[in-house]
Amino acid sequence: RQGPECARTAPAPSARIGAGGWCPPAEVSSQYPRTRKGHHHRGECEAARAKGPAAAGWAGPMKSSSALFRASQATMSVSISVFLYEGFAYNIIFLGRILPAVGKQALVLPFAILFNIVWGLAICSYARAHFSDPGIVPERWRDFVHSIGDSLPIAPARPEWQPGKATYCKKCDLPRPERAHHCLLCEVCVLRMDHHCPWINNCVGFRNHKYFLLLGVYACAASMIALVTSFPELVHCAGALTRIQDGFVFEPGARGVDVVFERKAGFISSGQNILEESVTVEEAKVKCGTLPACKGFTFEGAGAEGQPKENETVHVYFKDKWDLWGTGWTSYRREPQAGSRLEVTDILVFMIFGILALFVAVLLTPMLATHVPLAFQNLTTIEDNYENMPNPFDQGSTGANLAQVFGAYGPDWLLPVAPWRPLSDGVSFARSDEKLGPDGLPERAEGEGEAEMEEVWKMRYRVRSAAVPQMQEEPQDPGPLGSLARWWHGP
């Protein structure tokens with residue numbers, strides 16, 4: 001039994017289309033007698049229609065209850081958390097707390113501008129790569145197949161180059177354009193599919209391949225910038241936790257931060273002598289401010305007014321601990337200021353940030369080393385395994401191949417936006433043996449535009465011309481004399 005829409009619109013008995021799927025011609029149906037759901041391809045349009053309207057359009061990122069889907073969701077959640085944590089730790093902890101504590105306030109603004117521009121582009125690229133339609137086979141292609149019927153040659157899908165051939169997807173029950181493949185997780189066919197990426201929980205295909213590449217570039221660049229600009233402080237914080245005092249880490253050597261010393265009577269009896277030398281009291285204050293472990297200094301005796309004169313030299317002992325004892329000595333204790341104190345949690349958060357930034361940079365570097373060269377050759381990760389012929393879509397140069405993904409060269413290459421001048425519609429692609437026009441597209445006849453795109457598809461996919469049946473002349477009534485003559489002469 002055939003559905004009413006099939007019976008109404010079928011151009012020939014061997015190729016029929018229903019609202020939910022395409023009934024293939026006999027030569028393809030014989031190769032795929034049944035779908036995974038058990039219904040026959042030929043004539044079973046009503047069973048295919050039961051798949052619902054989601055098969056005809058993009059319904060958002062991957063929707064499935066499978067374990068793979070849940071794993072992909074978990075991976076995406078981890079990646080989002082890492083991105084957000086990296087931005088929080090860099091802006092709030094590093095720029096807001098650590099740089100002022102070490103006296104580098106002048107670097108806060110330039111570092112903030114540099115990092116946040118790149119990090120913001122990475123976040124936008126991530127959002128576009130996740131939420132965008134990766135390139136679901138468009139409704140216009142379905143209408144095209146519907147109108148052509150069995151005039152469209154259909155080839156069985158093989159793991160090889162098949163330029164100019166519409167291949168049949170037995171899972172979607174539909175023919176699909178060249179370079180399109182079926183994603184088992186998203187359960188749809190995707191134009192120029194590259195792979196399914198669990199980090200964005202979406203397929204990477206014709207419409208979001210640009211966002212995926214920009215995401216890798218900007219995320220890696222943001223991590224590199226974060227590591228390079230914070231490296232001295234990361235190294236310093238590795239040993240800062242050893243200088244905990246009342247729940248704070250005192251960051252000595254803070255240039256531009258006023259260091260206050262409090263004078264005490266007595267000598268510092270505990271701790272080790274970091275340094276000892278003969279200097280004035282003011283010189284000793286400056287020196288103590290530059291020693292990482294210096295908690296104060298002490299010297300024997302005092303001036304006539306209870307303290308040395310301004311230019312009087314005394315023999316000073318610089319100490320790493322503070323513990324007063326006895327009399328006859330003078331000591332100066334360095335008082336940590338609010339601007340030069342860091343909470344232990346600040347240091348821990350900052351060190352975790354450094355580890356995650358390094359992890360992201362190490363993870364994305366080999367990924368970019370794989371995907372960027374493929375884009376330079378106008379290849380996908382699936383097509384990189386094809387060996388039956390040279391790449392028929394190679395445009396001959398790196399820039400021309402990148403333009404097939406990013407659109408015609410322009411400032412939009414750097415932005416996570418749709419190409420302003422795309423060079424393909426995702427259904428047919430320029431080939432290496434074609435002559436391209438100044439816009440990067442195959443040369444067209446004058447006046448040819450979007451309305452004639454289906455004519456280009458007919459040419460690309462070698463649609464057979466419909467044979468015009470010859471009308472037979474109806475026999476005329478010879479009359480009674482003609483009938484008598486035919487009886488007389490015999491048959």
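How many of the residues of the protein chain count as buried? Of its 491 residues, 45% do, where buried means under 20% relative accessible area, exposed over 50% and partly exposed in between, with a 1.4 Å probe and protein chains only.

A quick note before I go on. This is a predicted model, so to speak of local features we need pLDDT of at least 70, side-chain atom pairs count only at pLDDT 80 or more, and totals for chains, interfaces and linings use all residues. Residues are numbered from 1 along each chain as its sequence is written, and side-chain values use heavy atoms, with hydrogens and water left out.

Okay, the overview. The protein chain has 12 helices and 17 strands; these are DSSP runs numbered from the N terminus, helices being H or I with at least four residues and strands E with at least two. Take the contacts with a separation of 6 or more: 71% of them join residues 24 or more positions apart, and contact here means heavy atoms within 4.5 Å.

Now let's go inside. The largest nonpolar core has 54 residues, and Tyr-90, Phe-94 and Phe-350 have the most contacts inside it. By nonpolar core I mean a set of buried Ala, Val, Leu, Ile, Met, Phe, Trp, Tyr and Cys residues joined through side-chain atoms within 4.5 Å. Helices H4 (67-101), H5 (108-131), H7 (209-240), H9 and H10 (398-406) each give this core at least two residues. H7 supplies the largest share, 14 residues. Another core lies apart from that one, with 27 residues, including Trp-161 and Met-453.

Let's zoom in on Phe-94. Skipping neighbours within four places in sequence, Phe-94 is in contact with Phe-111, Glu-233 and Phe-350, among others.

Helix H5 also holds Ser-125. Is Ser-125 buried or exposed? Buried, because its relative accessibility is 0%. Not counting residues up to four places away in sequence, Ser-125 touches Tyr-211, Leu-214, Leu-215, Tyr-218 and Pro-416.

On to the cysteines. How many disulfides does the structure hold? The count is 0, a disulfide being a pair of cysteine sulfur atoms within 2.5 Å. For Cys-189, the closest cysteine sulfur is in Cys-169, 3.4 Å away, so that is too far for a bond. Cys-189 is buried at 6% relative accessible area, and Cys-220 is buried too, at 8%.

Next, two arginines in loops. Most residues other than glycine have a negative phi. Arg-179, though not a glycine, has a positive phi of about 70°; it sits in the loop between strand S5 (174-176) and strand S6 (181-183). Arg-192 has a positive phi near 40° and lies in the loop between strand S7 (188-190) and strand S8 (195-197). Arg-179 is buried at 8% relative accessible area, and Arg-192 is buried at 1%.

One more loop: Asp-323 lies between strand S15 (314-319) and strand S16 (324-335). Asp-323 counts as partly exposed because its relative accessibility is 37%. Its C-alpha is 9.2 Å from that of Gly-266, 57 residues apart along the chain.

Last stop, helix H9 (residues 344-376), which contains Leu-363. At 36% relative accessibility, Leu-363 counts as partly exposed.
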